[in-house]
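Biologist: Pick one part of this model and take me through it closely. I'd like to hear about its charged side-chain pairs, with some of the surrounding architecture for context.

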Amino acid sequence: MTQNPLLAPVSDLVDYAAVTPAHIVPAVEELLGIARQAVEHAADPSLPATWEAVAEPLDTASERLWRAWSVAGHLNAVVNTPELREAYNAALPLVTEFSTWVGLHEGLYKQYQRLAAAPDFAAWTPVRRRIVEMALRDFRLSGVELQGADRERYAAISDREAQASQKFSENVLDAIDAWSLFVEDEARLAGIPADVLAAARAAAEEDGKPGWKLTLKMPCYLPVMQYARDRDLREALYRGYGTVASEQGDAQFDNSPLIEELLSLRAEEAGLLGLGTFAGLRLQTRMARDAREVTEFLRDLAARAKPYAQRDLTELRAYADAELGLAELQPWDVPYASERLRESRYAYSEDEVKQYFTEPRVLAGLYEVIETLFNVRLVETPVSSWHADVRGVRVESPEGALIGHLYLDLYARAGKQSGAWVDSERTRRLAGGRLQTPVAYLTCNFSRPNGERAAVLTHDDVITLFHETGHALHALLSEVDEPGAAAFSSVEWDAIELPSQFMENFCWEWAVVQKLSAHADTGETLPRALYDRMIAARNYQSGMQTVRQIEFALFDMLMHDRAQGISIAQVLALLQEVRQEVAVLFPPAWHRLPHAFSHLFAGGYGAGYYSYKWAEVLSADAYEAFEEAAARQPSGSALGTLDPETGARFRREVLAVGGSRPAAESFAAFRGRAPRIDALLRHSGMSAA
């Protein structure tokens, strides 16, 4: 029988092309058996209370399991098929049950207590001490001190939460994939960019139908909303996207019951642990101390931003009425009118700009930025992959030593979850004198190349790519040798966005834009005059954008800061209350934002969406160090903010240390002080007053 590629040594790269759905359950079952034996052995009280006797063998056994499960989860997200989904869902309860069992394992908990009480514990490395301390905290948060019926109920909750979150995600994916609008009258498509229309025509032909196929995938949805002159067409797509996975759309994908169930289960879980609310539970492992600190932060930021948002909306309404004949601005008019106002005010459109950001040039420029800042080399290399779209990147030292591998999967397609994200396949580890290098995935949903013409990215796409690359660098440039302190497993959730949001800033630097741009037809770099107009427009509608993010974050925190679950009607009512407090734009009553909000119900951001704004304070302040370095450079220097010395410090104090120390300490080590909000307000065009 052919070797199961999911059982290959962790030190090998996975042969993704050889992985089939039939491999998943057998591999998971075998590796679960090995991991269970390792847990039972590690819990043996006769073992000496040393890292080498307890923690290291446990890491060795468990990392094989988690690598295989990471691969299965990744494939389920990017090449979802009925067979793969069935295999993943068959393995999910096995993995969930194991995780719950480990968290409730009193023998292992006592063993880690013995490690912390070891006579020489103070002499251990700071990283290992921190891992033990975090493990003890996580044991308590996993219910290890529960007894009897409470213990059994906690295990049942954990299992059901995992299943409900997975089903939520599936419903969103299926609802988006199932929705389409075929248009045969070309006149209705007036204003939509040519490359979007070409892709829509090809999609219709692939389905054997005439005309153009419009979908809710972002490379189609956003351009239609921004450029389609046909108001009814915009309304149709807006309604389609605004009712995804709800009773207002295709009822078979309705996430209403799952939202109610997840909120109830989360509240019950927190109650069993004596933490009152799910927000209280989540904030045990965050920089923020409690829900009150988070809501005060969000409301303070809203108070600063809302006047700017109201000004943005007043200007947009006046323009739409006077120039577009839209006396009453509807939600499906907002992206269209906003883009027209941008063009009018700053004399450029996003469609014009994106012709300069061809994917090959953007990637080459991105690699150069990383190489300049962090003293590494990025070399594209052939890899066995799950789809023809995928490319491999080898991250090396200047001398050619391997640092890690990155898989890039950039294009939207059916069976692939929407959005953009990074995940880790395996982490850096030093064991037995051998260094294991990290492997990460970077996934986006950009437009594909059109025939022989290279794919083009909007500037927002470029920002997204830099953002996700920041996450990838957090994993790839780690110098932490213990998996328990890897970035994605131990950095506080409200600091995890620091590297990603930090990287976004370089997309606005002239020196960087020159590296990123080459016109799809002429090869010309972005003209300085067009760049200057983009910079002038950088904070265009930043007030509206800021309060929208605050709306999401405050809704999330208030929804989860309750001792009991609430009904879907109460969820929607709460969202409306939050909008009345902080928003300036109000969707129709039939709009169903929560039903497709995978971040909250399937993506780990429940009671944590505030992290984006929280970390934006950190990232803006961190980037200010690069602005200060640029200001110190001699006149005529071409480096600007691409300052290698400051980049080396950021790599050393933030990226390299992962979760080996609290994020606040890492930030202070880089900046020499605690974070301040001033840089964020300045970057957003909002004064600190």
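Modeller: What follows starts with the whole chain, goes through the charged pairs, and then turns to a helix and some strands.

Keep in mind that this is a predicted model. The protein has 27 helices and nine strands. Its radius of gyration is 25 Å, close to the 26 Å that the globule rule gives for 689 residues, so the protein is as compact as a globular protein of that length. Along the principal axes, the C-alpha atoms fill a box of roughly 80 × 60 × 60 Å. Of the 689 residues, 56% count as buried. Take the contacts between residues at least 6 apart in sequence: 74% of them join residues at least 24 apart.

Now the charged pairs. Side chains of opposite charge can pair when their charged atoms come close. Here the count comes to 50 salt bridges, and I'll go through a few.

Let's begin with E296 and R292, whose side chains meet at 2.9 Å, N to O. Both lie in helix α12 (residues 291-324), four residues apart, about one turn of the helix. An α-helix has 3.6 residues a turn, so residues three or four places apart point the same way. As for solvent, E296 counts as partly exposed because its relative accessibility is 45%, while R292 counts as exposed at 61%.

K354 and D351 also form a salt bridge, at 3.7 Å, N to O. These two are three residues apart in helix α14 (residues 350-354), again about one helical turn. K354 is buried, with a relative accessible area of 6%, and D351 counts as partly exposed at 22%, given that buried means under 20%.

Then there's R671, which forms a salt bridge with D621, the closest N and O atoms being 3.0 Å apart. R671 sits in helix α26 (residues 663-671) and D621 in helix α24 (residues 611-632), so this pair ties together parts that are 50 residues apart in sequence. R671 is buried at 13% relative accessible area, and D621 counts as buried too, at 0%. The pair belongs to one network in which salt bridges that share partners join D621, E624, E627, E628, R671, R673 and R682.

For context, look at helix α5 (residues 126-141). Its 16 residues should span 22 Å at 1.5 Å a residue, and its end C-alpha atoms are 22 Å apart, which agrees. After α5 comes G143, with a positive phi near 90°.

The strands give another setting. Strand β3 (residues 377-381) runs antiparallel to strand β4 (residues 391-396), with five bridges joining them, and V379 stands opposite R394 in β4. On to β5 (residues 402-411): six bridges join β4 to this strand, also antiparallel, with R391 opposite L408. Five residues lie between the strands of the β4 and β5 hairpin, where G400 takes a positive phi near 100°.

Finally, strand β1 (residues 180-183) pairs with β2 in the antiparallel sense over four bridges, and V183 stands opposite W212. W212 and L214 point one way from β2 (residues 212-215), K213 and T215 the other way, and all are buried.

Note on methods: Residues numbered from 1 in each chain as written. Predicted model: local features only at pLDDT ≥ 70, side-chain atom pairs only at ≥ 80, totals over all residues. Heavy atoms only, no water. Expected span 1.5 Å × (residues − 1). Pairing = 2+ DSSP bridges. Buried < 20%, exposed > 50% of the residue type's maximum accessible area, 1.4 Å probe, protein only. Rg over C-alpha atoms; globule rule 2.2 N^0.38 Å. Contact = heavy atoms within 4.5 Å. Salt bridge = Lys/Arg side-chain N within 4 Å of Asp/Glu carboxyl O.
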